[in-house]
Amino acid sequence: MAQQDVLKLAEVSSDDTQGARALPSNVEAEAAFLGALLIDNRVLEELQTQLGPQHFFEPVHARIFERIVTLLDRKAVVTPVTLRPYFEADEQLKALGGVSYLARLTADGQGLLAPRELADQIYDLALLRELITVGRTLVEGAMDTSEAVEPQQQIEQAEAALYKVAEGAASANEAKSFAQATHTAIFNIEKAFNSGGNISGKTTGLESVNSKIGGLHDSDLIILAGRPGMGKTSLVTNIAFNTAQRYVDDMALGIEHKRSVGAPTAFFSLEMSADQLATRILAEQSGISSEALRMGKISREDFQQLSFASQRLAELPLYIDDTPGLSIAALRTRARRLKRRYNIGLIIIDYLQLLSGSGRANDNRVNEISEISRGLKTLAKELEVPVIALSQLSRAVESREDKKPMLSDLRESGSIEQDADMVWFVFREDYYVNATEPKFPAEGDPPDVVDKWEAWRQRMEQVTGLAELIVAKQRHGSTGRVRLKFEARITKFSDLDADDPRGGFVSD
């Protein structure tokens with residue numbers, strides 16, 4: 001490309017301001033790269049950098065690159081001749097001599113000598129321009145000393161902006177074309193089809209749950225609630241392990257990351273310590289009672305079995321953060337770092353009510369919970385991962401004859417239900433039936449005492465080891481109940497056996 005063309009292009013660049021020209025850029029590199037791409041379309045396939053139109057400093061170069069990519073997606077051969085009809089009316093290109101500029105891009109072919117290096121430089125300069133924008137915004141915000149200023153919020157916004165730059169997602173907030181949205185939808189449908197028709201998101205490891213909800217979908221906020229003793233933490237611990245283990249298995253089979261239904265998982269435990277959660281998973285995988293593990297009541301054979309289990313779990317991509325008293329802003333910051341460092345695909349929070357807000361709720365707990373639930377939904381969308389948050393239920397459940405929870409039982413705020421894409425309840429009837437055990441019959445007791453205890457025993461036999469996952473809200477499908485097996489000894493949820501008549505999904 002002739003030197004005068006580059007100079008002429010700089011003169012007609014957008015805004016024509018001295019400040020804009022001072023931004024990091026290399027017009028010559030952009031022109032040379034486009035020339036190489038027009039000479040050899042295969043250059044684009046060999047790039048390691050995720051280059052997009054937004055990374056070009058000159059708008060006319062951005063439009064040329066965008067059109068090239070569109071035509072290549074259609075399996076067309078792209079040359080200055082095939083591009084000509086799309087730019088005959090381009091006013092900025094007319095200032096450069098019209099469509100003949102496209103041919104001049106390929107005049108010397110110097111870009112073919114190092115197309116990857118040119119692409120890397122274009123991308124890096126674009127990131128520097130984004131950093132300048134973030135820095136300028138941060139300085140302007142920090143200079144504002146009015147009463148409405150909230151420094152913590154500014155830090156949160158700066159962290160979010162820097163995360164987007166680090167991920168190369170500076171244009172993440174721009175509107176997506178319907179073609180882009182359709183492409184993502186088709187990819188998810190294809191993944192569900194290839195998995196046997198059950199999973200389009202991340203697996204829960206529970207086939208009966210996957211078959212109903214289609215897996216854990218990216219950008220979804222899932223609220224898992226239940227009264228104490230129902231097994232909420234046990235269930236999400238099982239899901240965390242299953243999702244992380246499936247990712248390890250898929251990688252061993254050579255399945256690429258984006259097509260895996262497993263994922264590295266982040267577990268924010270505000271109630272239990274990391275070693276307590278690890279003990280639960282070890283108990284589940286070794287088949288040894290978690291109580292026996294805590295108290296050391298195990299045999300030498302049990303210890304050897306435990307050692308084998310710990311070796312299998314050593315490389316599990318499950319990351320536990322047990323920092324107490326996290327604020328929603330701090331949690332989002334930590335989640336972004338884990339996403340950037342380990343590419344996590346699932347986030348679990350145990351539990352929502354132990355998070356704190358920004359302190360702007362004026363001691364109003366309902367408003368604070370609303371802020372937290374909105375923050376979790378925002379986090380799910382920003383990182384494009386499913387977020388499972390445990391939640392408490394109000395004591396109203398205990399005062400009803402029917403102990404099964406309802407949406408109205410969600411504690412402290414209706415916004416939890418509003419922000420959630422799915423709401424699950426864990427319910428174990430044996431917990432309540434066990435609490436109603438009548439007097440054990442003794443010799444000489446009247447027949448009604450014997451009958452009552454026998455009726456209770458039969459009922460306990462029916463419900464022991466049976467749990468229900470109640471899907472009370474689901475944006476993607478119907479509601480209902482999934483029946484699961486619960487082994488209290490090792491705190492493990494699993495699918496019921498195929499021949500168990502209690503299994504299956506019950507639609508409400």
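Which residues touch the most other members of the largest nonpolar core? Here are my notes on that and a few other spots, with the reminder that this is a predicted model.

1. **The main core.** The largest nonpolar core has 70 residues, and those touching the most other members are Phe268, Ile347, Ile349, Leu376 and Trp424.

2. **Aromatic pairs.** There are eight aromatic pairs in the structure. One of them is phenylalanine 440 with tryptophan 453: the ring centres are 5.0 Å apart and the planes stand at 85 degrees, over the 60 degrees needed, so this pair is edge-to-face. Phenylalanine 440 sits in the loop between α19 (429–434) and α20 (447–463), while tryptophan 453 belongs to helix α20, so the pair ties together parts 13 residues apart in sequence. Phenylalanine 440 counts as exposed, at 53% relative accessibility, whereas tryptophan 453 counts as buried, at 16%.

3. Tryptophan 456 is buried, as is tryptophan 453. Elsewhere, a single aromatic cluster is formed by Phe33, Phe56 and Phe65.

4. Do β7 and β8 run in the parallel or antiparallel sense? They are antiparallel: β7 (residues 466–474) pairs with β8 (residues 480–487) over six bridges, and a hairpin of five residues joins β7 to β8. On its other pairing, β8 meets β9 (residues 492–495), also in the antiparallel sense, over four bridges. Lysine 485 is a handy landmark here. In β8, lysine 485 is the bridge partner of leucine 466, and lysine 485 also stands opposite serine 494 in β9. The β8–β9 hairpin has four residues between its strands, and threonine 491 in the turn shows a positive phi of about 45 degrees.

5. **Backbone points to check.** Most residues other than glycine have a negative phi, and most peptide bonds are trans. The peptide bond between aspartate 350 and tyrosine 351 is cis, with omega about 0 degrees; tyrosine 351 lies in the loop between β4 (346–350) and α17 (365–383). Serine 219, though not a glycine, has a positive phi of about 75 degrees, and serine 219 is found in the loop between α11 (207–213) and β1 (221–225).

6. **Glutamate 384.** Where does glutamate 384 lie? Glutamate 384 is in the loop between α17 and β5 (387–391). Its phi is near 55 degrees, a positive value in a residue other than glycine. With a relative accessible area of 45%, glutamate 384 is partly exposed.

Terms used
Residues are numbered from 1 along each chain as its sequence is written. This is a predicted model: local features need pLDDT of at least 70, side-chain atom pairs count only at pLDDT 80 or more; totals for chains, interfaces and linings use all residues. Side-chain values use heavy atoms; hydrogens and water are left out. Rings of Phe, Tyr and Trp (its six-membered ring) pair if their centres lie within 6.5 Å; planes under 30 degrees apart count as stacked, over 60 as edge-to-face and the rest as tilted. Helices (H or I, at least four residues) and strands (E, at least two) are DSSP runs, numbered from the N terminus. Buried means under 20% relative accessible area, exposed over 50%, partly exposed in between (1.4 Å probe, protein chains only). Two strands pair if DSSP finds at least two bridges between them. A nonpolar core is a set of buried Ala, Val, Leu, Ile, Met, Phe, Trp, Tyr and Cys residues joined through side-chain atoms within 4.5 Å.
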